[in-house]
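Let's take a friendly walk through this model together. Have the coordinates open in your viewer as you read.

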Amino acid sequence: MYKIAIEQFFQHYIKAFHQQNMVDTQACYQLPCTLHTPDSVVLIDSDKVFKREFLDIFTILSHADIKRFVALKASFSVLSENLLLTCIDWQFIGPKDEVFTDFSAFYHLALSEGQWRIFNVVSQELSQSVDLDTAFDIAYNTADADITPYNITQ
């Protein structure tokens with residue numbers, strides 16, 4: 001039951017992220033939220049901070065001419081009725097089909113106002129990846145796919 005909702009959520013999220021659509025990307029997050037990388041921790045506690053942080057991310061991706069994102073594997077565990085932990089191993093692919101970067105991202109999601117929303121992301125090296133309870137797929141492949149509202153049914 002959760003699997004379909006999480007697949008739809010991440011398909012929506014990666015579509016918005018790929019299109020660098022700030023409004024739709026932010027709709028996938030619950031503020032305040034935190035972003036963790038091996039180099040820093042960022043508390044995003046306002047729309048202004050969200051826009052600043054994601055503009056920086058989108059600028060880096062634009063300069064690198066990232067063409068697509070590949071989910072090597074994805075899984076989740078149910079922590080409670082309204083909390084999930086997901087682990088997705090990502091590759092960001094450049095203009096010549098080269099891997100620009102790869103990493104494992106752990107997303108903490110909460111069901112808020114009828115929608116799943118990210119409230120914490122921890123990005124680490126792929127060696128830190130784990131297999132959680134349930135595997136899922138992210139079927140988003142092209143920039144011309146439609147963003148459709150995702151089903152939050154559990």
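Cys33 stands opposite Ile44 in strand 2, where helices (H or I, at least four residues) and strands (E, at least two) are DSSP runs numbered from the N terminus. The model is a predicted one, in which local features need pLDDT of at least 70 and side-chain atom pairs count only at pLDDT 80 or more, while totals for chains, interfaces and linings use all residues. Residues are numbered from 1 along each chain as its sequence is written, and side-chain values use heavy atoms, leaving out hydrogens and water.

Strand 1 and strand 2 (residues 41–44) are antiparallel and share four bridges; two strands count as paired if DSSP finds at least two bridges between them. They form a hairpin, with four residues between them. Strand 1 also runs parallel to strand 6, joined to it by four bridges, and here His36 has Val122 of strand 6 as its bridge partner. Strand 1 holds Pro32 too, and the peptide bond between Leu31 and Pro32 is cis, with omega about 0 degrees.

Seven strands make up an open sheet of mixed pairing, in the order 2-1-6-5-4-3-7. Strand 2 and strand 7 (134–135) are at the edges with a single partner strand each, so one side of each has no neighbour in the sheet. Further in, strand 3 (residues 68–80) pairs with strand 4 in the antiparallel sense over eleven bridges, and Lys73 stands opposite Asp89 in strand 4.

Two loops are worth a look for their backbone angles. Most residues other than glycine have a negative phi, and most peptide bonds are trans. Asp97, in the loop between strand 4 and strand 5, has a positive phi of about 60 degrees although it is not a glycine. Glu113 sits in the loop between strand 5 and strand 6; its phi is positive at about 55 degrees, and it is not a glycine either. Glu113 counts as exposed as well, because its relative accessibility is 75%.

What about helix 1? Of its 17 residues, 13 are buried, so helix 1 is largely enclosed by the rest of the structure. Just after helix 1, Gln20 takes a positive phi of about 55 degrees.

The largest nonpolar core has 38 residues, and those with the most contacts inside it are Phe10, Tyr13, Tyr29, Phe54, Trp90 and Tyr107. Such a core is a set of buried Ala, Val, Leu, Ile, Met, Phe, Trp, Tyr and Cys residues joined through side-chain atoms within 4.5 Å. Helix 1 gives the most to this core, with eight residues.

Finally, the largest pocket has a volume of about 680 Å³. Of the 26 residues that line this pocket, Thr37, Ile57, Phe92, Phe103 and Ser123 are the closest to its centre. A pocket is an open set of points on a 1 Å grid over the protein atoms alone where a 1.4 Å probe fits, with protein on both sides within 12 Å along at least five of seven lines; lining residues have an atom within 4 Å of a point. Points are joined across faces, edges and corners, and the volume is the space filled by probe spheres set on them.

Notes:
Buried means under 20% relative accessible area, exposed over 50%, partly exposed in between (1.4 Å probe, protein chains only).
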